[in-house]
Amino acid sequence: MPRCPRPINEELYRDEWIWQEGEYTVYRNCQYTAPGCHNGCGVLHYVKDNKLVKIEGDPKGALSNGRLCMRCLAMEEMVNHPFRIYNPMKRDPAKRGDDDAWEVITWDEAYDLYVEKAEEILGKYGKKSFCILGGTGRNTTWQFAALATTVMGSPNYTFGFLSGNSCYVPRMNVCFWMGGDVMVADCAQCVEEGYDHPDYVNPEVCVIWCCNPIVSNADGFFGHWIVDLMRMGTKLIVIDPRLTWMGAQAEYYLQIKPGTDGALALGWINVIIAEDLYDHDFVEKWTYGFDQLAARAAEYPPERVAEITGIPADLIVASARRYATAKPASVQWGLKFDQFKNGFGAAMGCAALWALTGNIDVPGGNIVVNTGFISGDARRMFSGMKNTAGEEFDMTERLGQDEFVVEQMGLEPQAHPDSLLKALETGEPYPIKFLFEQSSNFLANMGADPQRLLAAVRTVDFFVVTDYYMTPTAAACADLFLPIAMSIERTGCRSMFNPTRAISPVVTTNAHTDEDIVLDIGHRLNPEGTPWANATEFWEDVLHNIRDQAGKPYYPPDFTFDDLREKMYIWEPFEYRKYEKGLLRSDGQPGFSTPTGRFEFYSLTAEAAGGDPLPHYVPEPNKTADPEAFEEYPLYLTTGRRSWEFFHSEHRHLKSMREFHPWPRVEMTQETADKYGIQEGDWVLIENPRGSVREKCVINPSMHPDTIMAEHGWWYPERRDDISGDNPFGVFDSNINQLVPMEDYGPLGYCAPYDTQMCRISKCTDYHPTYDPGY
Amino acid sequence: MENTRYGLLIDYEFCTGCHTCETACKVEHGFETGLWGIQLKEIGPQQIGPRKWDWHYLPAPTALCDLCADRVAEGRWPTCVHHCQAQVIEYGPVEELAARMDKQFMVLYTPTA
């Protein structure tokens, strides 16, 4: 099946990166943030008089081939939005939360203030009192590391209060520890020919586990590839507490209790081994620890797994057989493995299944990806540089080093988000006095227990926020606001995974890119540590430092950004069955890049880190285990499922998106709604001992009556006249993370219970907001 | 041929309900809030057997659909066809499209006069 199913008009859709079409200059480009998203789809930008007039999907674009989601289609509204901020602003730290206290300043004044405050704090508390916060989805995967290490000389960069690093980091480490590299479901995305590649095979079965990829498009995976596969005959098995469209189309839909996926994985492994459905050849030649895995799985017969997961035993057995006997079969997994405390053990079970069935790195299976790691290679590059005093850089002083073995072992590149909160609150192990936030908005999203975060963050001496509009976080905490450039104003690249795509600026504004900001600060504060003149040079250096498994650079030293832009897409070499060909290990030997050289069912790395070396299941708090504790809070609460209209806390200010999705939604069955006297469309008060929020009831007949699903990331940009004080933009009216704790992560510091809270609900009668977009 | 009637063939077995057609249409035609050139309808979800669910989406062109006459004149596909994430909308002469209706869950629209 061709990726673009219909003829392409070659005059209108060209191979060049720029051309003139009537009154428009047309740029062939990659759409990658801000606004956020993980994909980097191919687009055409039609520009006139330094203004984006329209956007169209590029039918010749890799990956999505002209298709676009509704958020990209609304790009003109997004980038030309009246709420955007183009000039830096400062505010007296004593007046945090006072919207009238902002003063518009020039970039030079902003940088002067930055340098003045940085030098003051440096003199008093030292370099490690600086911490740079990152987010997800925006093109700032390494820039925050560069700012922290090479420019500021601090080992502290981390996610903006994402408890337990609970987004992809745990799953990536499962992949690294067990198999040496990241693995992902094969949809021919790593080969230029796509589905027409001679080696590609369509999977007979694809398991969709802990995700709804058509909406989430997470981790560089365009979810509608799965729909392509379905149209070519792939059957689905969908594992989700909530029926999705994909679940309804699936051959097997398994409605699982939140947080019990580890038991299901072990149950499947049990069936596959007991019924001798595993791939003997692969297991014998290429894996380590099969006997221990079999012994662990033997503890999970179908009846026991049924009791834990709520999935009927016969369905567990039948679906396990279907996955194991389909050739090939893949699993596309998702965020929710990272968002319950024992998700790491569940993710290990999921990964073990790929190897047990011989589906690792085969066409149509779970392929090993060791290309396209700009972020990883760049962070290594910056962490190896000298600090401001020209001394060798010491990462061992970062926050979390004394608490987490994975940090001590060097398995984690960044400081630990929960340790940052502790340092802010207690001054231990040392005080944090300067925060800089890139691409996150933790009062609305990502951070758990946001009211606690607000109090903690306000203890710092200086707080810098970079964003393209005023956010609750900036409104409540920031002393300096630096406006960032959006997608169409940036120079950069996207490569997660193949191919590497060029991002070219098509209009100029007074907002700055994250790279410009890092460089401008570096040139003032630490010229020696900032050898790059501009963003293009910065990016070229990053590209030159991308290396293959043998340490050889992919790009020659004379490779320029212009070369990339001319080509638009550069495909790094990809092969299947790399473990047979010596393409995974730095020594060039066959096998996997693990301590044993084999795919490790029994992970020696996990063991060395003090963790359970085998896939495991540990019960999360639940009603069956502890009925009394949950009398008052009888419902399972899941959070964070994605919406078509929004990327996390973004897009709430677009009237186009709010027409489709005006208010936050909490889904429940009719039975559950009836029980609590709630009708569809009512505002619902959702409470637990930690906090309470309001969202609107939507009936979903396919939920379990014991479970509700509440949306995340909500705030109300239209309430711009009411942003002073401690509830800016009404963020605490509806931000569901108020019911989720910080510092309650799983073993090893990975995974946090964003998805396994208990709650109660009631009809909310005193909340009647109206929507006026304000523009 | 001057009198050839054109239409949209939609394989709604694989329509995921992503709202791309609706948004693309609104942006292309500049329709204000409340106005639609194509509108998505939800069918289900209803349980139609043990462990069997019926849940589909069906995009339906409205009286405002002009099959993107301006785009087509320029040599482009109608915007819903071009951008559909599931690639389930095809544009063409009605007779050609009708000949391709060989499976479950297909619908052929003839929105223009």
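**Notes on the two-chain model**

1. Let's start with one residue: Gly42(A) sits in strand β3 of chain A, which covers residues 41-48. (Strands are DSSP runs of E with at least two residues, helices are runs of H or I with at least four, and both are numbered from the N terminus.) Keep in mind that this is a predicted model, in which local features need pLDDT of at least 70, side-chain atom pairs count only at pLDDT 80 or more, and totals for chains, interfaces and linings use all residues. Residues are numbered from 1 along each chain as its sequence is written, while chains are lettered from A and ligands numbered from 1 in the order in which they are written.

2. Is Gly42(A) buried or exposed? Gly42(A) is buried, because 24 other C-beta atoms lie within 10 Å. (Buried takes 20 or more other C-beta atoms within 10 Å, exposed 12 or fewer, and partly exposed is in between; C-beta atoms are placed from the backbone.) Leaving out residues up to four places away in sequence, Gly42(A) touches Cys30(A), Asp58(A), Gly61(A), Ala62(A), Leu63(A) and Ser64(A). (Contact means C-beta atoms, placed from the backbone, within 7 Å.)

3. UniProt, in an unreviewed entry, puts "domain: 4Fe-4S Mo/W bis-MGD-type" at residues 23-83 of chain A. (UniProt positions follow the numbering used here, feature names are shortened, and annotations may be inferred rather than shown by experiment.) That span is 15% helix and 38% strand, with its end C-alpha atoms 28 Å apart.

4. Now a helix pair: α4 (residues 143-151) and α20 (residues 514-525) of chain A pack at about 5°, axes 10 Å apart. So α4(A) is roughly parallel to α20(A). (Axes are lines fitted to C-alpha atoms, for helices over the stretch in contact, and angles run from 0 to 180 degrees between N-to-C directions; under 35 degrees is roughly parallel, over 145 roughly antiparallel, 65 to 115 roughly perpendicular, and the rest oblique.)

5. Compare α17 (residues 417-426) and α18 (residues 450-457) of chain A, which pack at about 50° with axes 9 Å apart. These two, α17(A) and α18(A), are therefore oblique to each other. Leu421(A), Leu424(A) and Glu425(A) of α17(A) make the contact with Leu453(A), Ala456(A) and Val457(A) of α18(A).

6. Finally, the interface: 29 residues of chain A are in contact with 24 residues of chain B. On the chain A side, α1 (70-73), α7 (224-231), α8 (245-249) and α25 (655-660) each give two or more residues.

Conventions: Contact = placed C-beta atoms within 7 Å.
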